[in-house]
Amino acid sequence: MSPPPRPERAPLGAETIETEVRGDRVGPAAIAALAVRSVTKTFGGNRAVDDCTLAVRRGTITGLIGPNGAGKTTLLNIVAGALRADQGEILLDGEPVASRRPDELLGRGLARTFQVPRPISSMTVLENLVLAGQRQAGERLWNTWYRPDRVGLQENAIVDRALGILAYVNLDHLRDASASTLSGGQKKLLEFARSLMADPKIVLLDEPAAGVNRTLMRQLAALIEEQCRERGVTFLVVEHDMDLVARLCNPVIVMSQGRPIFEGTFDEVRRDEEVLSAYLGGQFR
Amino acid sequence: MSATEAPALLAEGITSGYTEVPIIRDVSVSVARGEIVTIIGPNGAGKSTLLKTIFGFLQARTGRVFVDGTEVTGMPPERLVRRGLAFVPQTNNIFASLSVRENLTMGGFTLRDEVEPRIDRVLGLFPLLAPRLRERAGRLSGGQRQTLALARALMLDPSVLLLDEPSASLSPVMVESVFAHVAAINQQGTAVLMIEQNARHALAVSHRGYVLANGENRLEGPAAALLQSDDVRRLYLGE
């Protein structure tokens, strides 16, 4: 499959970000929750992400779609701090964060899930969630010796929160099961639950629907919508399942050969001839 | 059971799991020669567990498995591939550090002199891999990797191909391509048993289907009938 030809210039995000940087726009929506500016990442001779500029508006569920190999997961890894970009800037709520580690970014409210879920398989479902509790006093030896009451109280609060989230994603019946025994779809739900433990402002979801049956996918979609609507969480969703993208995402950004080539509503995306031929295929005609 | 009448694959009364509590109980599936059969069902139903048990990654606590009429229950995967069974897992299904050609050669590990002609034959089915033979497999895109995984599994000319979610994580256009490949593989005489969350697509290219729920057989029938069943559409196709 040959990707669509590149436009002269990435058409989206750039203007928004420029105005943000100049401070021309005011109000809470003016600064993007996440801005990616001229980011490039090369592996060997392959430019996986190529001068990529895009913005994710606060309070949106933004879709990021594109052919396999377009650079979507690489971009997510760069944004989440798992990979260092060769060049370019990442702004989280307007603050440059390009050199931050994943745990620092999590502390600033950026959580992510993985395409292939990675729970700690030797732990139970509940333990996996408890581990994701942030700034635990018990992580410091000093506190465990001299402030055991405080550590205990906090641990109890984290367990309560984890149990609440497990019930929220309908995994509470599996709280004591080893994470290794979960099915693929249940691991996806656990990943999502883990991202919520950090009380995030923005969540990067890497293919939340892959390997998840339709009924569970609808539950997951409802949870994402609820988090966005009720708690104002911003989502950037990399996804190939167009039912989920159509239901959840607005706007949808199409990426090809390492950079965005189109942004619009899902209906606008599916009417674009280049996107149709390179990515969506005949079933969407 | 005589070899001429025997299904390409028969798994009967399989009980299996990872701990003392079984994930699947008394599950049976069969795949006739020349058939494509799809298993659908909710997450956690035991679909992957069934495939892993058939392919010897897990030991069945009860039940028996036959390939082309010969009992293979309890055989390890490396012996099962010699008996005509091939398996493409959902992830980690290629050797990323090896070239495309080396991956195909590994797929034909029991062959002696016939590796090259077999590679040529497999490339006839997957021509897009031909210009990439020297490329490191880890550099392929998701769709290309899945294509390579299918090609590798076909190197030993299996009589039954087991596929664990072949369309997961693929772009819509590549999903169409993978199912077209599955149909083409079947046209060459290989029976296929696959599990898929993309049930609509998978059943559309299948002859028959099974619904697994809670670790047990729930429904079975012609794929077209399952696609039209109100229960299946509501519960498993999200309609």
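Let's start where the two chains meet: the contact takes 29 residues from chain A and 26 residues from chain B. On the chain A side, three helices each put in at least two residues, namely α7, α8 (214-231) and α11 (273-280). Helix α8(A) gives the largest share of that side, with five residues. Sort the chain A side by class and you get 16 polar residues, ten nonpolar ones and three charged ones.

Before going further, keep in mind that this is a predicted model. Its scores are ipTM 0.74 and pTM 0.79. For chain B, the mean pLDDT is 91, and 97% of the residues in that chain reach 70 or more.

Now take a step back and look at chain A as a whole. Its secondary structure comes to eleven helices and ten strands. The chain has 285 residues, and 46% of them count as buried.

One pair of helices in chain A is worth a stop. Two packed helices are described by the angle between their axes and the distance between the axes. Here the pair is α6 (residues 148-168) and α7 (residues 184-197) of chain A, which pack at an angle of about 140 degrees with axes 10 Å apart. Are they oblique or roughly antiparallel? Roughly antiparallel would take an angle over 145 degrees, so α6(A) and α7(A) count as oblique to each other. Their crossing is right-handed. If you want to find the spot, look for A:Arg161, A:Ala162, A:Ile165 and A:Leu166 on α6(A), which meet A:Ala193, A:Leu196 and A:Met197 on α7(A). By class, that contact has six nonpolar residues, one charged and no polar ones.

Next come a few backbone details. Most residues other than glycine have a negative phi, and most peptide bonds are trans. Where does chain A have a cis peptide bond? It joins A:Asn250 and A:Pro251, with omega at about 10 degrees. You'll find A:Pro251 in the loop between α9 (242-248) and β9 (252-256) of chain A.

Follow chain A past β9 and you come to A:Gln257, in the loop between β9 and β10 (259-264). Is A:Gln257 buried or exposed? It counts as buried because it has 20 C-beta neighbours inside 10 Å, and 20 or more is what being buried takes.

Chain B has a residue of this kind too: B:Ser169 is not a glycine, yet its phi is positive, at about 65 degrees. Look for B:Ser169 in the loop between β7 (160-164) and α6 (172-187) of chain B. With 26 other C-beta atoms within 10 Å, B:Ser169 is buried.

Our last stop is B:Arg132, in the loop between α4 (115-125) and α5 (142-153) of chain B. B:Arg132 has 17 C-beta neighbours inside 10 Å, so it counts as partly exposed. How far is B:Arg132 from B:Thr91? The two are 41 residues apart in sequence and 21 Å apart in space, taken from C-alpha to C-alpha.

Definitions and conventions. Residues are numbered from 1 along each chain as its sequence is written. Chains are lettered from A and ligands numbered from 1 in the order in which they are written. This is a predicted model: local features need pLDDT of at least 70, side-chain atom pairs count only at pLDDT 80 or more; totals for chains, interfaces and linings use all residues. Axes are lines fitted to C-alpha atoms, for helices over the stretch in contact, and angles run from 0 to 180 degrees between N-to-C directions. Helices (H or I, at least four residues) and strands (E, at least two) are DSSP runs, numbered from the N terminus. Angles under 35 degrees count as roughly parallel, over 145 as roughly antiparallel, 65 to 115 as roughly perpendicular and the rest as oblique. A crossing is left-handed if the near helix is turned anticlockwise from the far one by less than a right angle, and right-handed if clockwise. Two residues are in contact if their C-beta atoms, placed from the backbone, lie within 7 Å. Ala, Val, Leu, Ile, Met, Phe, Trp, Tyr, Cys and Pro count as nonpolar, Asp, Glu, Lys and Arg as charged, and the others, Gly among them, as polar. A residue is buried if 20 or more other C-beta atoms lie within 10 Å of its own, exposed if 12 or fewer, and partly exposed in between; C-beta atoms are placed from the backbone. pLDDT is the predictor's confidence in each residue, from 0 to 100.
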